[in-house]
Amino acid sequence: MLHDVADVDAAVLRQRLEHGERIGFQFSNLHEIPRLADLLSGFCPSPMTVSLGLLELMVNAVEHGCLGIDHQEKLTLRREGLWEEEVARRAALAENRGRQASVSLTRNGPWLTYAIADPGEGFDWRPYLDFDPEREEDYAGRGIALAARLAFDRVEFLGKGNVVLASVGMLSSQS
């Protein structure tokens with residue numbers, strides 16, 4: 001069941017999650033993401049860290065999957081201070097209206113798993129799973145490594161790379 005973040009009662013979501021239900025949301029703009037990330041990370045042992053990881057993965061879903069901004073374009077836009085302007089411009093284009101990403105949360109035993117999916121073409125995620133000293137000064141390419149190494153116990157990309165599963169153990173020592 002997909003929810004509208006504006007109409008959400010966290011206590012009701014917690015109850016549904018504890019009964020094995022999947023909690024899901026759709027999103028299409030960057031302004032919705034912080035509220036969703038905070039809400040969905042609130043079920044974890046280390047909500048601030050998980051929220052940051054969710055934020056990174058969900059922003060990627062919008063900018064790359066919904067709006068088609070590739071890695072090199074993002075680097076250039078960030079360096080030139082034009083990223084937000086380009087995101088707004090592309091979001092207003094007719095071909096991008098209605099394109100939405102989704103995030104869902106399920107509990108399976110001691111694991112909480114977030115599934116983030118977007119309608120994009122996908123990408124090769126493998127170079128981004130670890131921090132790369134070559135990209136240390138870049139304005140792009142670090143969010144996946146941050147999520148994979150700091151925020152979640154497991155991160156797995158599926159298929160062509162437009163679906164990511166990020167899991168955290170309920171007894172996790174993440175902080």
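This is a predicted model: local features need pLDDT of at least 70, side-chain atom pairs count only at pLDDT 80 or more; totals for chains, interfaces and linings use all residues.

Me: What makes the crossing of H3 and H6 left-handed?

Reply: A crossing is given this name if the near helix is turned anticlockwise from the far one by less than a right angle. The crossing of H3 and H6 is classed as left-handed on that basis.

Me: Why are H3 and H6 called roughly antiparallel to each other?

Reply: Helix H3, residues 47–66, and helix H6, residues 143–151, pack at an angle of about 150 degrees. Angles over 145 degrees count as roughly antiparallel, and H3 and H6 are therefore described in that way. Their axes are 9 Å apart.

Me: Which residues of H3 and H6 meet?

Reply: From H3, the residues are Thr49, Val50, Leu52, Gly53, Glu56, Leu57 and Asn60. Their partners in H6 are Gly143, Ile144, Leu146, Ala147, Leu150 and Ala151. By class, this contact of H3 with H6 comprises eight nonpolar, four polar and one charged residues.

Me: How do you know whether Ser41 is buried or exposed?

Reply: Ser41 lies in helix H2, which spans residues 33–41. Its relative accessibility is 2%, and buried means under 20%; Ser41 therefore counts as buried.

Me: What is Ser41 in contact with, leaving aside its neighbours within four places in sequence?

Reply: Ser41 is in contact with Pro47, Val50, Ser51, Leu54 and Tyr114. As for Tyr114, it is 73 residues from Ser41 along the chain, while the C-alpha atoms of the two are separated by 9.5 Å.

Me: Why is Gly122 called partly exposed?

Reply: The relative accessible area of Gly122 is 32%. Buried requires a value under 20% and exposed a value over 50%, with partly exposed in between; Gly122 is therefore partly exposed. Gly122 is found in the loop between strand S4, residues 111–117, and H6.

Me: Which residues does Gly122 touch, not counting those up to four places away in sequence?

Reply: Gly122 touches Lys160, Gly161 and Asn162.

Methods: Residues are numbered from 1 along each chain as its sequence is written. Side-chain values use heavy atoms; hydrogens and water are left out. Axes are lines fitted to C-alpha atoms, for helices over the stretch in contact, and angles run from 0 to 180 degrees between N-to-C directions. Helices (H or I, at least four residues) and strands (E, at least two) are DSSP runs, numbered from the N terminus. Angles under 35 degrees count as roughly parallel, over 145 as roughly antiparallel, 65 to 115 as roughly perpendicular and the rest as oblique. Contact means heavy atoms within 4.5 Å. Ala, Val, Leu, Ile, Met, Phe, Trp, Tyr, Cys and Pro count as nonpolar, Asp, Glu, Lys and Arg as charged, and the others, Gly among them, as polar. Buried means under 20% relative accessible area, exposed over 50%, partly exposed in between (1.4 Å probe, protein chains only).
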